[in-house]
Amino acid sequence: SESPLAARDFVVVYTASSLVEQTTPAALFISDTSSSVTGVRFTDVDLEFDEVGGDVFWQPPNETSQVTGYSLYLSSDQANRSLVGVPAVFGSNTLPIFAETQLSPFTTILVYTFSSLVEQTTPMSLHISDTISSVTDVLLVDKDLDATDLGGIISWTEPAEMAQVRYYAIYLHGSMVGANP
């Protein structure tokens with residue numbers, strides 16, 4: 001397993017006795033299998049800075065006879081990688097990255113195929129684009145004149161990146177920005 005081929009095209013097998021090795025081996029032409037996914041796609045639907053979430057999609061390899069599944073990693077380079085979730089079985093072409101997954105220090109998604117023997121050495125990769133969509137300039141002028149009541153129109157500046165924004169949620173909260181309601 002994992003033996004580099006270089007310029008070799010055949011596997012040869014010699015028989016040997018206690019005296020001598022035979023001179024004419026049995027030979028087998030090597031048919032090397034290469035099975036990489038293509039067309040890796042990911043849209044970050046987690047709108048927080050330095051967090052990602054969404055589904056990773058890919059096209060299966062052309063040659064799938066030895067593929068038993070797919071593994072998904074976040075990586076800053078192939079040596080520094082982190083497995084995302086559980087590998088997908090053959091026949092799947094998507095795996096999720098769960099919302100609020102910490103992005104740093106990672107920059108790339110890696111999709112590996114694997115066989116019953118081993119995971120491939122060279123995966124397909126995709127650079128991650130972190131979608132950040134936060135409102136700014138929140139404003140509320142309290143027009144209710146009672147001390148314990150609040151009334152008026154809340155306004156804000158919409159985020160520059162609107163593609164993944166579906167609605168706005170507004171809450172009253174007892175602490176500063178950054179806390180969950």
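Ser 76 is partly exposed, with 31% relative accessible area, where partly exposed denotes the range between buried (under 20%) and exposed (over 50%), computed with a 1.4 Å probe and protein chains only. The structure is a predicted model, in which local features need pLDDT of at least 70, side-chain atom pairs count only at pLDDT 80 or more, and totals for chains, interfaces and linings use all residues. Residues are numbered from 1 along each chain as its sequence is written, and side-chain values use heavy atoms, with hydrogens and water left out.

**Exercise 1. Describe the surroundings of Ser 76.**

Step 1. Ser 76 belongs to strand β5; strands (E, at least two residues) are DSSP runs, numbered from the N terminus.

Step 2. Beyond its neighbours within four places in sequence, Ser 76 is in contact with Pro 105, Phe 106 and Thr 107, contact being heavy atoms within 4.5 Å.

Step 3. The side chains of Ser 76 and Asn 80 are joined by a polar contact of 2.9 Å. Such a contact is a pair of N or O atoms within 3.5 Å; within protein, one must be able to donate a hydrogen and the other to accept it, and residues adjacent in sequence count only if both atoms are side-chain atoms.

Step 4. One of the residues touched by Ser 76, Pro 105, lies in the loop between β8 (94–102) and β9. The peptide bond that leads from Ser 104 to Pro 105 is cis, with omega near 5°.

**Exercise 2. Classify the ring pair of Trp 58 and Tyr 70.**

Step 1. Rings of Phe, Tyr and Trp (its six-membered ring) pair if their centres lie within 6.5 Å; planes under 30 degrees apart count as stacked, over 60 as edge-to-face and the rest as tilted. By this rule there are four aromatic pairs.

Step 2. Trp 58 and Tyr 70 are 5.1 Å apart centre to centre, with 50° between the planes, and the pair is tilted.

Step 3. The pair links distant parts of the chain, with Trp 58 in strand β4 and Tyr 70 in strand β5 (residues 69–77), 12 residues apart. Both Trp 58 and Tyr 70 are buried.

**Exercise 3. Locate Asp 50 and Asp 137, and state the phi of each.**

Step 1. Most residues other than glycine have a negative phi.

Step 2. Asp 50 has a positive phi of about 65°, and Asp 137 has a positive phi near 55°.

Step 3. Asp 50 lies in the loop between β3 (38–42) and β4 (51–59) and is buried, at 15% relative accessibility. Asp 137 is found in strand β11 and is exposed, at 58%.

Notes. Helices (H or I, at least four residues) and strands (E, at least two) are DSSP runs, numbered from the N terminus.
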